[in-house]
Structure formats: structure tokens, C-alpha cells
Amino acid sequence: MEIFFSSLNQMAFLFLLIAVGFLLVKLRVVTADAGRVLAKLENTVFIPALVLGTFMENFTADKLAVSGRLLLVSAAVLLVMLPVAIFLPRLLSRDRFIQNIYTYGLAFSNFGFMGNAVVAAMFPAIFMEYLIFVLPLWVAIYLWGVPKLLIPAEESGVTGLWAKLKPFCNPMFGGMLLGIVLGLSGLPLPPWFTGAVNAAGGCMSPVAMLLTGITVAAVDLKKLFGNGGVYLLSAVRLVIVPLAAIGIFTLLPLTRTEFICGICSLAMPLGLNTIVVPSAYGKDPSTAAGMTIVSHLLACGTIPLIFWLMMQTI
């Protein structure tokens, strides 16, 4: 039962912040336009700081030298997921933007904030290994996921090399590059710098939840919860994918740590970037907000069940 209550507490924390954002709009403490401001802060300060801190602390030569298998398994899991993440959304919507949102949600779960919290609580002995395991996922997010799916190049008639490189010119990608350089260099960093980076990065998920609540307050709830594609995507992300992974992992010569890290990264609900990034660029985040709320609600039951089955299998 410990694993169930740890998951439930984390979900309750997230939904409390969503409720606060929702009530702030409904009580007219803030206007719905506040979401644009929060989205800008997320994309220019909080997410880049989270990315910078993650790579700065974990992308070191020593850790990479002893973690080759973890990185290889993680990359293999991502490569297997990508065809599913790209093909299935095309069956659910003809809208290119919604397809991109669905693709991102299937390819990348909330393995960061949610995954970190769950693994730290349930499997503290392998928490550092988990952080290393998800590094290829972070790289894929900020090399492909965010620039190509969530902030696509505007169709302004611009073509050529610049049109392809423009999506990468964003603070998140810059944070990743700086984090890689600082991590590999091993340079000692002053406490005030690392403290500021960690504090700003820690704001990412709470602000994202407030932004979700503000977004939900401005849309029709019947429409939000009436989107069948959101439920199907959540079922694939939370049930079908981790169950299939457990079955496949049992046939492979994986260590216990690799097994747990892989399932934990796959069993998490849909990520938050689908809300905060498009919002900053004037895109409608209602579909992404529906994905986030529905998948996190369902995850209250699916995560404990998947983890229980995983422990029975290992």
C-alpha cells in the first residue's frame, strides 16, 4: 500500500495547484490572460533552469562512463516508442497541431517531475541511476520534441537552413547546451549560481499546474472531458505501453535497476510541456490541458497497479 499512497499524495499535490489556478480565474483574482504571462515565464526562465540543472548535475564524464547500459536501454525504449507516438495520433485527429500534441504526449511521459518524485519515494536506492536513465529522453525532448512538435516553425514563406534551425533557437535548448558543457567540464560552480538554478527549476511544475488550472477555467469542461482521443491516448500511455514493456523486458537480459527505470519512465502520465510551451506561442492549450488532467487522474490507479505487477515480475 505504500506505493499507492505515495502516488496518491503526489497526485493530490498536483490537483490542488490546478484547483488554485482554476479558482483564481473564477473568483476574478486574476484574468485568463495571466496564463500567457505564466507561460512566458515557464518557457524563458523556469523550464530552461530545470533543464540546465538536470544536465549540469547529471551529465558528467564519470557518470556517463559507468552508465553506458542505462543510456543504451533508455535510447532503445525511446526508439521503440517513436513509431507508435507518430502513427497513432494520425488516426485520432486531422489537425496537425493536435497530432503534434498527441505525439509528444505518447513519446514523453511526465518522467521528470512525477517520475522523480515517485522513484525517490519508492526506489530511493536507484534514484541516481534513474536520473541518468532519463538523460536520453531529456536530449530527445529538447532536440526534437519541443522545437519540432510544440513550437513548430511558422509558415511565413521562409525556407532553407534558417527555417530548419530557427525552432532550436530557444531558451530551453540553450539551457541544455550550457548544462552539457558545465556538466562535462566539471568546473566548480558557486553556490549562489547552483542555488538560483535549482530554485528556478523547482518552480516549473507548480507554475505549470497553476497554468493548467487557469487554462481549464477558460474552456468548456464538457468539451474538455468529452474528447475521446484524450482517454484513448491516456489508456495507451498509462496501461498498454507499460504492460507491453513489462512483457518485453522479462524476455531481455536486463538488470533489476534497468527494468525498474524503464517501467517507471513509461508508466508516468502525460507531460506538462504540452501546456506551457504552446501557450507561450499563442496556441490553444485546451486539448493538452485535458490530456494532463485525465491522464493524471487515471494515473492515481494505474501507477500503483503497474508497479505492483512489475515487482511481481522482476
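Let's start at Tyr231, which lies in helix 14 (residues 228-249); helices here are DSSP runs of H or I with at least four residues, numbered from the N terminus. Tyr231 is partly exposed, with a relative accessible area of 36%, where buried means under 20%, exposed over 50% and partly exposed in between (1.4 Å probe, protein chains only).

A word on the model: it is predicted, so local features need pLDDT of at least 70 and side-chain atom pairs pLDDT 80 or more, while totals for chains, interfaces and linings use all residues. Residues are numbered from 1 along each chain as its sequence is written, and side-chain values use heavy atoms, without hydrogens and water.

Now to the aromatic rings. Rings of Phe, Tyr and Trp (its six-membered ring) pair if their centres lie within 6.5 Å; planes under 30 degrees apart are stacked, over 60 edge-to-face, and the rest tilted.

| Pair | Centre to centre | Angle between planes | Class |
|---|---|---|---|
| Phe55 and Phe59 | 5.7 Å | 40° | tilted |
| Phe111 and Trp138 | 5.1 Å | 70° | edge-to-face |

Phe111 sits in the loop between helix 5 (96-107) and helix 6 (113-122) and Trp138 in helix 8 (residues 135-150), so their pair ties together parts that are 27 residues apart in sequence. Phe111 and Trp138 are both buried, and Phe55 and Phe59 are buried too. Tyr104, Phe108 and Trp144 make up one aromatic cluster.

Technical notes
Helix = DSSP H or I, 4+ residues; strand = E, 2+ residues; numbered from the N terminus.
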